Amino acid sequence: MKDTETFVKEKLFIKSANLHIHTRCSDGGFTPKFIIEQAKQNSLDIISITDHDSVEAYSYISQDNTPLRILPGIEFSSTLDGNDVHILGYGIDTENEQLHSILQWMKEGRRNRAQKMLDKLSGLGINISLDSVLSYAGEMKLIVRPHVAAALVAGNYCRNKQEAFEKYIGNDCPAFVAKPVLSSADVIKYIHNAGGVAIVAHPGKLKTPDYLYDLVNCGLDGLEVWHPDHNNYLVTEFTAFCLKNGLFKTGGSDFHGEEDVHNYFGSVPVSDLVLKDIQTIWDNYKCKMKS
């Protein structure tokens with residue numbers, strides 16, 4: 001039997017983590033390879049690439065990234081009572097056939113949505129081609145609104161992306177078109193069917209805290225208690241909610257590529273309670289991989 005010291009060394013307890021990172025496979029600014037290199041340079045123990053409605057980043061990632069641990073992830077778009085709810089899936093099988101079928105449907109829907117937005121912009125005298133938008137959409141051509149915003153800036157129709165959202169493509173703006181989404185209950189089901197755990201992203205952005213109870217009833221596994229948009233009060237409240245309801249606690253910086261106080265790359269300042277849960281999620285994932 002191995003002694004305790006050897007066991008501890010092999011287990012490699014997690015001390016630093018960032019489980020919410022985007023790449024160019026959705027709306028991030030960097031490639032998966034660059035993200036992994038940066039994670040190693042920042043001495044992170046574990047990361048998760050959580051692109052919007054896409055797992056394509058994992059096709060660019062090699063199997064061995066020691067000492068960095070990479071937990072397969074995704075950030076699903078969903079709706080609850082007609083309002084946006086983003087749900088993170090961790091430890092998923094990125095080759096799951098049902099998952100790929102759903103993501104392909106969402107990818108095609110986003111492309112159709114983009115064309116409808118461009119048609120609306122054309123009616124406003126703003127002429128932008130779909131090819132122009134696609135040039136910002138990364139390797140997998142998954143179109144999200146920031147790509148349309150980038151095309152508006154490049155065409156000198158807006159000074160920056162924020163203005164593009166505020167004037168044209170933001171919610172309730174003249175060129176807004178809703179994205180193709182699934183219900184939160186269905187997303188949780190798809191994540192579970194792919195072997196993952198379902199975590200509500202940045203719960204502080206939910207329209208009402210009551211949604212948390214609805215999501216728990218749908219089988220939600222946890223909350224992203226730490227996020228750059230959460231103040232100390234929210235972190236405390238969400239941690240208490242998880243402890244009361246037996247949910248996992250996670251944290252991530254929601255990094256996209258533009259460094260600022262709300263969007264940085266590095267270890268997120270989570271508590272030991274959160275790190276313990278991240279360790280459990282990782283250990284469970286590795287056990288499934290070995291079985």
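How many salt bridges does a search of the whole structure find? The search finds 6, a salt bridge being a side-chain nitrogen of Lys or Arg within 4 Å of a carboxyl oxygen of Asp or Glu. In this predicted model, local features need pLDDT of at least 70 and side-chain atom pairs count only at pLDDT 80 or more, while totals for chains, interfaces and linings use all residues. Residues are numbered from 1 along each chain as its sequence is written, and side-chain values use heavy atoms, without hydrogens and water.

D277 lies in helix α10 and K249 in strand β9 (residues 248-251), so the pair ties together parts 28 residues apart in sequence; helices (H or I, at least four residues) and strands (E, at least two) are DSSP runs, numbered from the N terminus. D277 is buried at 11% relative accessibility, and K249 is buried at 5%. Here buried means under 20% relative accessible area, exposed over 50%, and partly exposed in between (1.4 Å probe, protein chains only).

L223 and F76 have the most contacts inside the largest nonpolar core, which has 66 residues. Such a core is a set of buried Ala, Val, Leu, Ile, Met, Phe, Trp, Tyr and Cys residues joined through side-chain atoms within 4.5 Å.
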